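My notes follow the structure.

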Amino acid sequence: MDKIRIAIAGIGNCASSLIQGIEYYKSKDENDAIGLMHWDIGGYKPFDIEVVAAFDIDKRKVGKDVSEAIYELPNCTAVFCPDVPKADVKVRMGCVLDGFSEHMNTYDEKRTFLLSDEPEATKEEIIKELRDSGAEILLNYLPVGSEEATRFYMDCALEAGVACINNMPVFIASDPTWAKRFEEKGIPIIGDDIKAQLGATITHRTLADLFNKRGVRLDRTYQLNTGGNTDFLNMLNRSRLASKKESKTEAVQSVVAQRMDDDDIHVGPSDYVPWQNDNKVCFLRMEGRLFGDVPMNLELRLSVEDSPNSAGVVIDAIRCCKLALNRGTGGILYSPSSYFMKHPPKQFTDDEAHKMTLEFICGERPN
Ligand SMILES: NC(=O)c1ccc[n+]([C@@H]2O[C@H](COP(=O)([O-])OP(=O)(O)OC[C@H]3O[C@@H](n4cnc5c(N)ncnc54)[C@H](O)[C@@H]3O)[C@@H](O)[C@H]2O)c1
């Protein structure tokens with residue numbers, strides 16, 4: 001079976017975990033592979049994916065083979081596959097726009113982005129690179145708040161006729177104007193904002209669903225998250241956070257039985273703790289009322305390595321997107337978006353979204 005050819009914008013921690021994972025599962029088989037939702041999706045295995053183009057703006061990554069760039073600082077995620085072989089794909093200088101927040105300049109260089117001196121790529125150059133490389137799917141892994149930069153890369157993909165998976169919370173698949181552009185061109189898109197394998201969002205949603213099913217009224221809740229990677233550092237600039245907060249909050253609001261008052265729900269990235277590196281800790285509290293209006297509360301602490309947690313889902317999103325390409329299906333892929341993403345164009349419960357995604361994979365659902 002042909003490899004699925006992907007391009008990546010943003011060779012940060014999430015891209016590192018994904019690329020390590022593609023290599024890691026080469027030495028496994030269906031019976032000893034741990035950490036996957038699916039071994040086989042429409043005939044594609046986790047390792048049937050290859051990176052054919054990559055863009056970044058950090059001087060420690062631009063110009064390097066992608067197999068080396070993934071281990072460069074400020075990436076700090078767990079190295080579970082230290083020997084990713086040379087890909088013969090150089091990370092190309094991208095277009096900076098708002099990908100680099102001013103406040104990032106004030107941190108130690110091992111912690112923050114360092115802008116490359118290479119001239120920035122033009123739109124035409126990126127479109128050409130996407131076309132020449134034979135990329136079929138572009139993955140967007142830019143920092144939160146990269147509104148202009150995300151639109152720039154999405155424009156390039158549309159122009160080059162390349163499908164998209166939007167892993168971060170700038171609204172593209174869930175924005176009707178952008179969605180229409182993908183529909184009109186017949187190009188598939190999955191988005192927005194990846195919902196990690198077993199992260200804060202899926203845990204919070206599952207517990208909210210449990211409250212519903214057991215007849216417990218959820219009165220108040222918070223989800224506080226801390227981490228020490230560049231994603232958390234970037235999010236210290238709160239002006240970049242609006243869409244992330246909306247994405248994370250809506251993911252929970254959409255499954256509670258009765259929509260909560262804004263003051264009663266707080267979900268967000270809360271602080272940057274450098275020594276945590278790529279370890280993310282989530283503190284979750286839910287206050288509710290049981291039988292007879294009697295109060296109860298629940299507290300939970302979840303600790304996960306942030307980036308492999310996202311890669312475990314992206315590895316499936318890529319294969320679902322490829323199935324759409326093979327079937328000639330364009331526009332929004334509603335089922336995979338609702339199962340894999342925090343802010344899909346249409347929210348479903350995770351049980352529904354799971355069922356819909358399995359039906360999509362079997363070809364029983366068009367999108
Ligand atoms: N880890 C998760 O579970 C998870 C879940 C949902 C969403 N996300 C989102 O995925 C995105 C990527 O996360 P990450 O942890 O890999 O972040 P990261 O900070 O490690 O990586 C971002 C990369 O983008 C590069 N970059 C910045 N501006 C650029 C531009 N204009 N063009 C090309 N490259 C540029 C940076 O140099 C860096 O290498 C973030 O927006 C994050 O919020 C992550």
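**Helix α4 and its cover**

In α4 I find Ala149, Thr150, Phe152, Tyr153, Met154, Cys156, Ala157 and Leu158 buried, where buried means 20 or more other C-beta atoms within 10 Å of a residue's own, exposed 12 or fewer, and partly exposed in between, with C-beta atoms placed from the backbone. This is a predicted model, in which local features need pLDDT of at least 70 and side-chain atom pairs count only at pLDDT 80 or more, while totals for chains, interfaces and linings use all residues. Residues are numbered from 1 along each chain as its sequence is written. Helices (H or I, at least four residues) and strands (E, at least two) are DSSP runs numbered from the N terminus.

I noted that the cover over the buried residues of α4 includes β1 (4-9), α3 (123-133), β4 (137-140), β5 (163-166) and α5 (176-185), contact being C-beta atoms, placed from the backbone, within 7 Å. Just after α4, glycine 161 has a positive phi of about 75 degrees.

**Ligand shell**

I looked up the ligand next: 38 residues surround it, the closest being Gly10, Gly12, Gly94, Gly99 and Met168, with a residue taken as near if its C-beta atom, placed from the backbone, lies within 6 Å. Helix α9 gives the most to this shell, four residues.

**Glutamate 183**

Glutamate 183 sits in helix α5, and it counts as partly exposed because it has 15 C-beta neighbours inside 10 Å. Leaving out residues up to four places away in sequence, I find glutamate 183 touching Gly330 and Gly331.

Technical notes:
Two residues are in contact if their C-beta atoms, placed from the backbone, lie within 7 Å.
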